Amino acid sequence: EHRGLRKAFDRARAAQVARATGATFVAESPAMRAVVDRIQVLANTDTAALISGDRGTGDALVARAIHAQGPRRAGPFVVADGTSLRERLGEHGDAAETLDVGDALFRDAMGGTLVLDGIEQLSLRAQVRLLRIIDGPGAAARRSPWWHPLGVRLITLTRENLVGRASSGELLDSLYYRLNGVHLHVPTLRERAPDLCPLVVQLIDELEPPGTTRPGVTPQAWKVLSSYPFPGNVRELRWVLEHALAVAPGGPIDATHLPPEGLAGATGDAG
């Protein structure tokens with residue numbers, strides 16, 4: 001009974017946090033349902049997480065959801081992309097000074113979550129420095145249990161095959177093992193076809209001004225949308241719908257309202 005109540009509480013809290021942070025997911029497809037289930041499991045741990053997925057799939061949103069539903073949700077959520085990482089872990093200059101600057105990145109995230117986005121862009125020299133920061137002085141406090149106020153949850157986002165990069169020597173094995181505590185892969189939009197229709201509805205609701213009537217989508221437009229592979233994933237779908245809503249004259253979205261330059265080969269007569 002206690003376990004059942006705890007699960008119900010966790011589900012309710014996750015839903016409340018998702019609404020408050022915008023980290024809501026359409027998960028009609030089995031692939032995306034597995035992601036949502038994995039998020040709830042990871043949120044209650046402090047293990048380093050590696051999130052992989054193509055651009056536009058929502059990997060950053062997954063990272064935010066893990067943070068928002070976990071015990072560190074009251075702490076900072078700090079994102080360091082490839083450019084800022086290269087600057088902080090400079091290719092040149094004094095190594096000790098670089099370590100101090102890089103360690104400050106962890107101090108900024110103390111008590112919360114630090115997201116590393118684009119480590120595949122780092123040179124081996126920068127990777128060594130990052131590993132020294134993770135394992136250097138103060139690392140014990142950063143890896144302390146989740147209830148410790150000085151702890152940091154580490155999440156890494158990648159669009160590359162890090163196993164392959166490690167095998168080829170482009171990524172340090174030791175760094176890969178530090179970052180890949182638990183792996184979660186976010187599927188592409190092509191891999192979650194059952195989510196397309198509810199995603200369109202959700203995105204139109206988000207893009208339309210409050211209080212307005214949600215426009216429909218004609219069968220011709222649905223045919224185009226369902227046949228297009230969306231290499232840009234959900235991000236591209238959002239752009240396509242934003243364009244369509246801007247040019248549609250207050251009525252339903254038709255194939256002629258979809259951007260032909262973005263849906264080349266799928267728009268048919270709309271092109």
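These are my notebook entries on a few spots I looked up in this predicted model.

**Confidence**

The protein chain has a mean pLDDT of 81, and 79% of its residues reach 70 or more. Two stretches made me slow down. Across residues 144-150 the pLDDT stays under 50, although the model gives this stretch 16 contacts beyond four places in sequence. Residues 267-271 also have pLDDT below 50, with six contacts in the model beyond near neighbours in sequence. Where pLDDT is low, the predicted coordinates should not be read in detail. I therefore leave the particulars of such contacts alone.

**His257**

Next I went to the segment after helix H12 (233-247), where His257 is found. Is His257 buried or exposed? Its relative accessibility is 13%, so I note His257 as buried, the cut-off being under 20%. I then listed what His257 touches, setting aside residues up to four places away in sequence: His243, Ala244, Val247, Ala248, Pro249 and Pro252. Of these, His243, Ala244 and Val247 carry numbers that fall in the range of H12 (233-247).

**Aromatic pairs**

How many aromatic pairs are there? I get a count of two. The one I opened up is formed by Tyr228 and Phe230, and its geometry is edge-to-face. Their ring centres are 4.7 Å apart, with 80° between the planes. I checked burial for both partners too. Tyr228 has 12% relative accessibility and therefore counts as buried. Phe230, at 1%, counts as buried as well.

How values were computed. Residues numbered from 1 in each chain as written. Predicted model: local features only at pLDDT ≥ 70, side-chain atom pairs only at ≥ 80, totals over all residues. Heavy atoms only, no water. Helix = DSSP H or I, 4+ residues; strand = E, 2+ residues; numbered from the N terminus. Buried < 20%, exposed > 50% of the residue type's maximum accessible area, 1.4 Å probe, protein only. Contact = heavy atoms within 4.5 Å. Phe/Tyr/Trp six-rings, centres within 6.5 Å; stacked < 30°, edge-to-face > 60°. pLDDT = per-residue confidence, 0-100.
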